[in-house]
Amino acid sequence: MNQKAFLVGTHRYSFQAGKPAEILGVEFVTPQGLNARACYRVLFEDGREDFVPLAEMHHFEIISEEDVRAGMIPKVVR
């Protein structure tokens with residue numbers, strides 16, 4: 001059985017910290033004045049999209065769709 005993957009920001013300054021966001025894919029994003037970087041493209045339950053740099057993996061956890069349904073959401077710890 002295939003499941004969707006979700007990203008949860010665990011740093012208190014993460015966009016919508018503690019809320020699961022469905023991972024839609026990986027894209028290269030070039031913020032103004034910076035170099036391109038690989039980012040997860042994510043979709044939150046409220047319809048907002050965001051890009052989360054893969055290099056900042058210490059600020060988030062990836063969980064399964066089953067974890068989301070079971071309410072096993074990582075805590076915001078930083």
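**View 1. F15, a partly exposed ring in a predicted model.** In this model, which is predicted rather than determined by experiment, F15 has a relative accessible area of 35% and is therefore classed as partly exposed. F44, by contrast, has a relative accessibility of 6%, so it counts as buried.

**View 2. The aromatic pair of F15 and F44.** A search of the whole structure finds two aromatic pairs, and in one of them the ring centres of F15 and F44 lie 5.4 Å apart with the planes at 80°, an angle that makes the pair edge-to-face because it is over 60 degrees. The pair links distant parts of the chain, since F15 sits in the loop between β1 (5–9) and β2 (21–29) whereas F44 belongs to strand β3 (residues 37–44), 29 residues apart.

**View 3. The aromatic pair of Y40 and F60.** Here the ring centres of Y40 and F60 are 5.8 Å apart and their planes stand at 90°, so this pair, too, is edge-to-face. Distant parts of the chain are again linked, with Y40 in strand β3 and F60 in strand β5 (residues 60–64), 20 residues apart. Y40 counts as buried at 16% relative accessibility, and F60 counts as buried at 10%.

**View 4. The largest nonpolar core.** Eight residues make up this core, namely L7, A21, I23, Y40, V42, F44, V52 and F60. Strands β2 and β3 each supply at least two of its residues, and the largest share, three residues, comes from β3.

**View 5. The surroundings of V42.** When neighbours within four places in sequence are left aside, V42 is in contact with residues including L7, A21, I23 and V52, which are also listed among the members of the largest nonpolar core. Its other contacts include E22, L24, R48, E49 and D50.

How values were computed: Residues numbered from 1 in each chain as written. Predicted model: local features only at pLDDT ≥ 70, side-chain atom pairs only at ≥ 80, totals over all residues. Heavy atoms only, no water. Phe/Tyr/Trp six-rings, centres within 6.5 Å; stacked < 30°, edge-to-face > 60°. Helix = DSSP H or I, 4+ residues; strand = E, 2+ residues; numbered from the N terminus. Buried < 20%, exposed > 50% of the residue type's maximum accessible area, 1.4 Å probe, protein only. Core = buried A, V, L, I, M, F, W, Y, C linked by side-chain atoms within 4.5 Å. Contact = heavy atoms within 4.5 Å.
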